[in-house]
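Subject: Structure for your review

Dear colleague,

Please find below the structure I am handing over to you, followed by an account of what was found in it. I would be grateful if you could read the account alongside the sequence and the coordinates.

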Amino acid sequence: MPAQAVTTAKLPGMKPILKIEDLVVEYRTREFGQRVTVAVNRLSLEVFPGEVFGFLGPNGAGKTTTVNVLLGFVPVTRGAAYIFNVNVRDPIARQRIGYLPELTYYYKFLTAEELLRFYARIFRIPRAEIGPRIDEVLKLVGLDTARKRPIKTYSKGMQQRIGLAQALINEPDLLILDEPTSGLDPIGRMNVREMIQRLKSKGKTVFFSSHELGEVETVCDRVAILHQGELKATGRVSDLVEKYKCNLEQAFLKVIGYEPGHE
Amino acid sequence: MGNSRQLFANHFFTKADVYFHSGYYPSVFDQAIGGAPHITAAKDAAAETDAEHGREQSEEAGFLGPPRDWIDRFSRNFYPSRHSHLDRPGEAREILPWLRIAADLDPHKVETYTVAAYWLREHLNRVDEAEQLLREGWRANPDSYEILFELGRVFDENRHDSQRARNVWELALGKWRQRSARNGEPDDFVLEQILTRLAQLEEREGHWEKALSYLEKLEAVSPKPEAIQQQINDLKKKVVSAPPANRSGAQQTGKP
Amino acid sequence: MNNALSVASIVIKELYRRKDFYVLFVLTAIITLLMGSLHFFNDDRIVRYLKEICLLLIWISALAIAVGTSARQIPAERENRTIFPLLAKPITRGQLIAGKFLGCWLACGLALIVFYFFFGVISVSREHQWAAASFFQALWLHWWMLGVVVAMTLLGSVVFAAPSSNGTICLLIILSILLLGRHLNKVAVQLAEPMSGVVSAVYFAVPHLELFDVRDLVVHNWDPINWLICVGATLYAAAYAIFFLFATWLVFRRQLVLRWQPGCSPGTRVGRAAALSPIACWAS
């Protein structure tokens, strides 16, 4: 089924910061017969500078696979993906992005400061700038007072915040957040939402995958809905709501063809 | 546990030999391929002649053989590949820990005591320790004529106590006879040494008849009976040419 | 190089913040001092047995540190998912492998310096002389041997999924080479074809780690090795380390970072075989 383009946010003359073209990702098992499973099927989408883009879908829809392609973790079967016009296969494509994985653990034997210094060095941030940059992001995520503590002593919420801090250490132009509120308590979720709003106000582009429709509705400019590896809809949240004459959650269920009582 | 203790004791005893050769020692693979050149344990150095030792050295020097390939040639730079002995003063002390451990692990391995005692008294001038170790070995192995023989050497060569030396050697002779009668396989090598020492001691003490008696017994077991016969003849001549007073002394028995 | 050094610095930090090194060092020190306190036949100048025991413990500890540290590097990155934020940065897999290798190898070097310093103190206190050249050669060759061990174990860590199985297999291979490597050519001579050819091939193919074991020379106060030979051994170790690192990179660059998570993929028909494979599957 072709994707239902509600509206595009494409502005005349504006180049996409993230572009996926006819992406197909397949993987094969090592069983006899090598069965092939299609994780993402002919996905095309664009994200423009300054947008907060929600990438929606139920579990197993192919969201994380797509994110993994963008980060170079997974090779594409067909098609291509570009960040800042650079193919994602090239490590330099990741120079200007920040990535917050879902439920990630960091090197437990390091302190927050050491962890950020390590990542800053990989981004080749000049030595003189590393210190002030670390101070800034730690203040931003509210971990300034815990900067000298080993990460193993952090709570789950603090770990998610140090995740955000590492994603911001290089002052990225594009932030890729994979289920950023997963496993957080309501206060933690609110903090993450605030953070995304703050980044948006600074002109950053945020691409985030989620199945938490409430927060998507709150923070996203545009969304794409993925189901069984295929793009089902893309457009502004308001347009989607208007088209289906219901709230985002119900629109989402309609798009993926879910009917209550029928799995 | 008993068997493993013996295995470890044997290993450490060999280790002492490895140390005696400063690490230059054939592995089981070298022994399998090269006709197993036997490196005698340190104990045998006590009995071997210079000529014998020379022969042993030349055998040992060749256990590696010519290098078989470039890896073999290159690797010989990284481990002891020249024959060597601990022959600088006091160096022999380095073999002692392994002998001590071997003795502790297997108190019934007689060779450990005799070898250690030999090095202690002969090369390290530690006569007290040698005697103490031999007594310890004797307690663990009361039937060992080898330990008694070595103990006799301590008394004779280091303590210069002929009486006690004679006593333990005669006791050793008795033990030898008992064991030979029991086993049916006489250990002529040690018997030869006991008889030689006793004969020398009696001759030195002037008990010529007694010395002659030991020499005659020695002639029967020696691999070189002609040499012993020569010694007997020499001693007989000495007895004949000696003044009568001394000759009468020769009639005395050497019994304690 | 900057990225590799950054990764290496993390590995080194990990080593000195974990207890493994301290436990091994304390054990080595205690056992050596305990053995040193023994007096054999009232002679306190006996030293070679103590040098041998101390060096044996150092070798065991160094192998445990090298294999233990290297075997868990990449599997632990996967298991703790720290590899995601790391590879999301502008770092190549080659740089990651190089960094892990450098980190493990330098960490082993630091540990060796501490161990050999202790060994030096023990031998000087007993012998009242210091064979500096032999001592340095022993440390140097040992460190290069660990370079080969670390590279080999890193290769194992991208081939075998579990660090424990990788560690065990690598240790078995390393110990076999150390104990039998030198003798394989003699064994080959005694075998009939085709086994003789196979053993000969193994003899020429395996890295001869036993070359770097100069403990006997140090213990028995032999003269130092010719320095040119020492350089040759260093090049030999470097060649094997580079070969293993290249192989690691070849395997790792084609591997997916992720593992398949049951029940998450669309139309999942993937069986247990794939779930166990580090290569075939990823989470969706």
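Asp72(B) has its place in helix α5 of chain B. Please note that the model is a predicted one, and that every value below was computed from it. Asp72(B) has a relative accessibility of 4% and therefore counts as buried, the cut-off for that class being under 20%. If residues up to four places away in sequence are set aside, Asp72(B) touches Pro67(B) and Tyr79(B), together with Asn185(C) and Tyr203(C).

The contact between chain B and chain C

Chain B brings 35 residues into contact with 35 residues of chain C. Together the two chains bury about 3500 Å², and carbon and sulfur atoms give 68% of that area. On the side of chain B, the residues that lose the most area to chain C are Phe29(B), Phe78(B) and Arg93(B), which together account for 20% of what that side buries.

In a salt bridge between the two chains, the side chain of Arg48(C) meets that of Glu91(B), at 3.4 Å from N to O. Residue pairs in polar contact between chain B and chain C number 13, with both partners at pLDDT 80 or more. Several helices of chain B take part: α1 (2-20), α2 (28-33), α5 (70-75), α6 (96-105) and α8 each supply at least two residues of the side that touches chain C. By class, the residues of that side divide into 17 nonpolar, six polar and 12 charged.

Two of these helices deserve a separate remark. In α6(B), eight of the 10 residues are buried, so this helix is largely enclosed by the rest of the structure. The buried residues of α6(B) are Leu96(B), Pro97(B), Trp98(B), Leu99(B), Arg100(B), Ile101(B), Ala102(B) and Ala103(B). Helix α1 of chain B holds Leu7(B), which counts as exposed because its relative accessibility is 59%, where the class requires over 50%. Leu7(B) and Asp106(B) are 99 residues apart in sequence, yet their C-alpha atoms are 8.9 Å apart in space.

The two domains of chain B

The domain assignment divides chain B into domain 1 (1-60 + 86-142) and domain 2 (146-256). Their contact takes 18 residues from domain 1 and 16 residues from domain 2 of chain B. About 1500 Å² is buried between the two domains of chain B, 62% of it on carbon and sulfur atoms. Arg121(B), Leu134(B) and Trp138(B) supply 38% of the area that domain 1 buries against domain 2, more than any other three residues.

Four salt bridges are found across the interface of domain 1 and domain 2 of chain B. Arg121(B) forms a salt bridge with Glu150(B), their closest N and O atoms being 3.2 Å apart. Between the two domains of chain B there are six residue pairs in polar contact, both partners being at pLDDT 80 or more. Helices α7 (110-122) and α8 (127-140) of chain B each supply at least two residues of the side of domain 1 that touches domain 2. That side of domain 1 of chain B has 10 nonpolar, three polar and five charged residues.

Most residues other than glycine have a negative phi, and most peptide bonds are trans. Which residues have a positive phi near 55° without being glycine? Arg124(A) is one of them; it lies in the loop between α2 (112-122) and α3 (127-141) of chain A. Arg124(A) counts as exposed because its relative accessibility is 52%. Asn42(C) also has a positive phi near 55°, and its place is the loop between α2 (20-36) and α3 (48-79) of chain C. With a relative accessible area of 56%, Asn42(C) is exposed.

In chain C, the peptide bond from Glu193(C) to Pro194(C) is cis, with omega near 5°. Pro194(C) lies in the loop between α8 (184-190) and α9 (195-205) of chain C.

Yours sincerely

Definitions and conventions
Residues are numbered from 1 along each chain as its sequence is written. Chains are lettered from A and ligands numbered from 1 in the order in which they are written. This is a predicted model: local features need pLDDT of at least 70, side-chain atom pairs count only at pLDDT 80 or more; totals for chains, interfaces and linings use all residues. Side-chain values use heavy atoms; hydrogens and water are left out. Domain bounds come from an automatic or database domain assignment. Contact means heavy atoms within 4.5 Å. Buried area is the accessible area (1.4 Å probe) that two parts lose on being put together, summed over both. A polar contact is a pair of N or O atoms within 3.5 Å; within protein, one must be able to donate a hydrogen and the other to accept it, and residues adjacent in sequence count only if both atoms are side-chain atoms. Helices (H or I, at least four residues) and strands (E, at least two) are DSSP runs, numbered from the N terminus. Ala, Val, Leu, Ile, Met, Phe, Trp, Tyr, Cys and Pro count as nonpolar, Asp, Glu, Lys and Arg as charged, and the others, Gly among them, as polar. Buried means under 20% relative accessible area, exposed over 50%, partly exposed in between (1.4 Å probe, protein chains only).
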